[in-house]
Amino acid sequence: MHEYTSTPRVWGLSCPGFPEEVSRARRWTRDILRGSPLAEDAELIVSELSANAILHTASGRQYGSFHLAVAVSAQVVAVSVTDDGGTATAPKIEHQDQDAEHGRGLGMVSAIAHRVVVHDSDQGHTVTAELYADSRLGGPPC
């Protein structure tokens, strides 16, 4: 990330719904945010959201895909993953116990991010996680 960025910049990437694309999305995010103190958290969030899209939605089916957007400003890094839908319910944040094998992903994302928003549409679901450069902007992480 460039420290002198005065206007938000947005990057987008579409990936086929193959498990190996999660690491590609992670690398892509790391490259965009190189040098940012928020890079590691954003990379972890992208990994979790991309994997969820492949595992739990039509994105992981034949010809499925997921779409990633990274928006960067001086104050906020916002990471969004949009899946292909195909499920009856939208993703939701559940706080499972530590020993649970499934269902902890969005809870983990919400623990890292300052804000998580889930948008449901007929075409799929978009999960956006926001990381603030100055935590005072949004209060303490959820």
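Biologist: Which strands does H2 lie across, and how does H2 run relative to E3?

Modeller: This is a predicted model. In it, H2 lies across E2, E3 and E5. H2 runs at about 15 degrees to E3.

Biologist: What makes up the protein chain, and in what order do the elements run?

Modeller: The chain has three helices and five strands. From the N terminus on, the order is β-α-α-β-β-α-β-β.

Biologist: What do the five strands form?

Modeller: They form an open sheet in the order E1-E2-E3-E5-E4, with antiparallel pairing. Strand E1 (9-16) and E4 each have a single partner strand, so both stand at the edges, with one side left without a neighbour in the sheet. On average, neighbouring strands of this sheet are turned by 15 degrees against each other, direction ignored.

Biologist: What makes E2 and E3 a pair?

Modeller: The bridges do. A pair needs at least two bridges. E2 and E3 have six, in the antiparallel sense. Leu68, for example, has Val81 in E3 as its bridge partner.

Biologist: How do you know that E5 pairs with E3 and with E4?

Modeller: The cut-off is again at least two bridges. Strand E3 (residues 76-82) and E5 have seven bridges and are antiparallel. Val77 stands opposite Leu131 in E5. E4 and E5 are also antiparallel, joined by seven bridges. There, Val118 has Val127 in E5 as its bridge partner. A hairpin of two residues connects E4 to E5.

Biologist: Why is E5 called largely enclosed?

Modeller: Buried means under 20% relative accessible area. Nine of the nine residues of E5 are buried, so the rest of the structure largely encloses this strand.

Biologist: What makes helix H3 mostly covered?

Modeller: Six of the eight residues in H3 (residues 105-112) are buried. They are Gly105, Leu106, Gly107, Val109, Ser110 and Ile112.

Biologist: What covers the buried residues of H3?

Modeller: The cover includes H2, strand E4 (115-121) and strand E5 (124-132).

Biologist: Is Thr29 buried or exposed, and how do you know?

Modeller: Thr29 is found in helix H1 (residues 21-32). Its relative accessible area is 0%. The cut-off for buried is under 20%. Thr29 is therefore buried.

Biologist: Which residues does Thr29 touch, leaving out those up to four places away in sequence?

Modeller: Thr29 touches Ala42, Glu43, Val46, Leu68 and Val70.

Biologist: Why is Tyr63 called exposed?

Modeller: Exposed means over 50% relative accessible area. Tyr63 has 78%, so it counts as exposed.

Biologist: Where is Tyr63, and what is its phi?

Modeller: Tyr63 is in the loop between helix H2 (39-56) and strand E2 (65-72). Its phi is positive, at about 70 degrees, although Tyr63 is not a glycine.

Biologist: How many residues has the whole chain, and what share counts as buried?

Modeller: The chain has 142 residues, and 42% of them count as buried.

Biologist: What share of the contacts between residues at least 6 apart in sequence join residues at least 24 apart?

Modeller: That share is 62%.

Terms used:
Residues are numbered from 1 along each chain as its sequence is written. This is a predicted model: local features need pLDDT of at least 70, side-chain atom pairs count only at pLDDT 80 or more; totals for chains, interfaces and linings use all residues. Side-chain values use heavy atoms; hydrogens and water are left out. Helices (H or I, at least four residues) and strands (E, at least two) are DSSP runs, numbered from the N terminus. Buried means under 20% relative accessible area, exposed over 50%, partly exposed in between (1.4 Å probe, protein chains only). Contact means heavy atoms within 4.5 Å. Axes are lines fitted to C-alpha atoms, for helices over the stretch in contact, and angles run from 0 to 180 degrees between N-to-C directions.
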